[in-house]
Amino acid sequence: MVNGEKRRRYDLQDYIYAEAEAILYSADVLFFELAGVTDWECLTPRQKGALMELKRRRLIP
């Protein structure tokens, strides 16, 4: 964030779309998405979708 800008609030729709997109990605792409996570308390919809999909595929606990 630049100059103390706040992060945009995400809508439920953002998370739904991210989960739907994650189904189409390979495991490598999903792991790459999580490799850049710096704040595990506040994941972006895309990061959360990747995490949920990897768990669904039982690639991570």
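A search of the whole predicted model identified 4 salt bridges, a salt bridge being a side-chain nitrogen of Lys or Arg within 4 Å of a carboxyl oxygen of Asp or Glu. Because the model is predicted, local features require pLDDT of at least 70 and side-chain atom pairs count only at pLDDT 80 or more, whereas totals for chains, interfaces and linings use all residues. Side-chain values rest on heavy atoms, with hydrogens and water left out, and residues are numbered from 1 along each chain as its sequence is written.

One of the salt bridges pairs E33 with R46, with 2.9 Å between the closest N and O atoms. E33 belongs to helix α2 (residues 27-35) and R46 to helix α3 (residues 45-56), so this pair ties together parts that are 13 residues apart in sequence. Helices (H or I, at least four residues) and strands (E, at least two) are taken here as DSSP runs, numbered from the N terminus. E33 is partly exposed at 21% relative accessibility, and R46 is likewise partly exposed, with a relative accessible area of 39%. For these classes, buried denotes under 20% relative accessible area, exposed over 50%, and partly exposed the range in between (1.4 Å probe, protein chains only). A network of salt bridges links E21, E33 and R46.

E53 takes part in a salt bridge with R56, at an N to O distance of 2.6 Å. Both residues lie in helix α3, where they are 3 residues apart, about one turn of the helix. R57 counts as partly exposed, its relative accessibility being 27%.

Two packed helices are described by the angle between their axes and the distance between the axes. For α2 and α3, the packing angle is about 130° and the axes are 9 Å apart. Axes are lines fitted to C-alpha atoms, for helices over the stretch in contact, and angles run from 0 to 180 degrees between N-to-C directions. The two helices are therefore oblique to each other; angles under 35 degrees count as roughly parallel, over 145 as roughly antiparallel, 65 to 115 as roughly perpendicular and the rest as oblique. The crossing of α2 and α3 is left-handed, the near helix being turned anticlockwise from the far one by less than a right angle (clockwise for right-handed). On the α2 side, the contact (heavy atoms within 4.5 Å) involves A27, L30, F31, E33 and L34, and on the α3 side R46, Q47, A50, L51, E53 and L54.

S26 is located in the loop between α1 (12-22) and α2 and is partly exposed, with a relative accessible area of 38%.

At the level of the chain, the secondary structure consists of 3 helices and 0 strands, arranged along the sequence in the pattern α-α-α. The C-alpha atoms fill a box of roughly 40 × 25 × 15 Å along the principal axes. Of the 61 residues in the chain, 23% are buried. Among contacts between residues at least 6 apart in sequence, 58% join residues at least 24 apart.
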